[in-house]
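Hello,

Here is the structure I said I would pass on. My notes follow below it.

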Amino acid sequence: MVFPKIPWSIHVVKVDRARADLRFHTTLGGGEVMGMGIVTDQLKALPAELGAPLAAINGDFYEKSKGYPGRPRDLQIRNGEVLTHPAGHACFWIDAEGNPKMTNIYSKFRVIWPDGSSTPFGLNVERTNGTAVVYSAALGSSTLTQGGTEYVLEGSPGLEWLPLRMGKTYEALVRQVIVAGDAALDRQTLVLSISPDLAASVPTLKPGATLKLVLESAPALSDVEVAIGGGPELVKDGQVMSWKGWIHVPHPRTALGWNKDHIFLVEVDGRQLDVSLGMTFSELADFLLKLGCENAMNLDGGGSATLWAFGTVRNSPSEGQERPAPNGLVVVKKNSRQATK
């Protein structure tokens, strides 16, 4: 839709929540691993068995650490697998009953050591001083760390193991201890990496020892198959939110919203005087409310703002072409056999 007087150019995809053949999935910028990639390429890497992609938008903001480009800023769950830990920003997810949800999510991820003590850990993030991080193959081929103590973990025989899922506790067996850093990653193992300054205050383990990894959050997200970070919240329970400290200037925007009948994917072009100025958060929230959204959340905007539908990018990116993003949210159509599962 176009509002020529302002001007605004807005693209909306309306998804019927009653359609049993439609599903939401998240994608990664690097296809199967983290990285930066345009939405069009992310969709090319979508496994065919998930269904045919119909529409997609860019997703979360991204970490700007030199060693970990393309790491989403907050929680991402893809096909039930937890890829990144929640970091306290607003997140969107679909619960086990198929209901869209939104709130700030906080991590309670922790290692429980053999002596019963515990240590918080991050997931697939840069390991900084005083921290523990668990790395999976979703990061890439290795942990990219330097020094510290790294425990290569495998599942305890007969117990549930990978992929990691929210709300689960996993018992792991230490296969190998590495002290040089940059441990290799594969689909059968995890690596628990302890920074050098933290190592002296946590138990020291040898191969054969067991520990537990707890993937809890507040609120709890058990059995969630899809989740993506973003923020801030724009509309909650039919009310426009306020944003203390945010600069209210128009920019390209990406957002998603919903009501009891539909989920909306929304992109607003901007920074193009002859096409579209963009929106402030207040303008975007007002538009989403008028669209019929009872709840809505902002995603990364600016040059990243992208809406893809039915085979092509439909919007006018502010940089003249798609800008790489760390992840995306896609609507797929499952075939009749898939839709019954």
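**Salt bridges**

R165 and E225 form a salt bridge, with the closest N and O atoms 2.4 Å apart. R165 sits in the loop between strand 13 (149-155) and strand 14 (169-178), and E225 in the loop between strand 17 (217-218) and strand 18 (226-229), so this pair ties together parts that are 60 residues apart in sequence. E225 is partly exposed, at 38% relative accessible area. Please keep in mind that this is a predicted model.

The count of salt bridges comes to eleven. Two others are worth a look.

One joins R78 to E32, where the closest N and O atoms are 3.7 Å apart. This pair also links distant parts of the chain. R78 is in strand 5, while E32 is in the loop between strand 3 (22-28) and helix 1 (39-44), 46 residues apart. R78 counts as buried, at 9% relative accessibility. E32 is partly exposed, with a relative accessible area of 38%.

The other is between the side chains of R71 and E63, at 3.9 Å from N to O. R71 is buried, with a relative accessible area of 1%. E63 is partly exposed, at 29%.

**A buried aspartate**

Now to D60. Where is D60 placed? It lies in the loop between strand 4 (52-58) and strand 5 (76-78). D60 is buried yet has no salt bridge. The nearest side chain of opposite charge is R73, 4.2 Å away.

What does the side chain of D60 reach at 2.9 Å? The backbone nitrogen of D74.

**Strand 19 and its partners**

Strand 19 (residues 233-236) pairs with two strands that I checked. It runs antiparallel to strand 23 (residues 295-299), joined by two bridges. V235 has A296 of strand 23 as its bridge partner.

Strand 19 also pairs with strand 20 (residues 239-240), again antiparallel and over two bridges. Here K236 is partnered by Q239 in strand 20. Strand 19 and strand 20 make a hairpin with two residues between the strands. In that hairpin, D237 takes a positive phi near 50°.

Best wishes

Key. Residues numbered from 1 in each chain as written. Predicted model: local features only at pLDDT ≥ 70, side-chain atom pairs only at ≥ 80, totals over all residues. Heavy atoms only, no water. Pairing = 2+ DSSP bridges. Helix = DSSP H or I, 4+ residues; strand = E, 2+ residues; numbered from the N terminus. Buried < 20%, exposed > 50% of the residue type's maximum accessible area, 1.4 Å probe, protein only. Lys, Arg positive; Asp, Glu negative; His and termini not counted. Salt bridge = Lys/Arg side-chain N within 4 Å of Asp/Glu carboxyl O. Polar contact = N/O pair within 3.5 Å; in protein donor to acceptor, adjacent residues only side chain to side chain.
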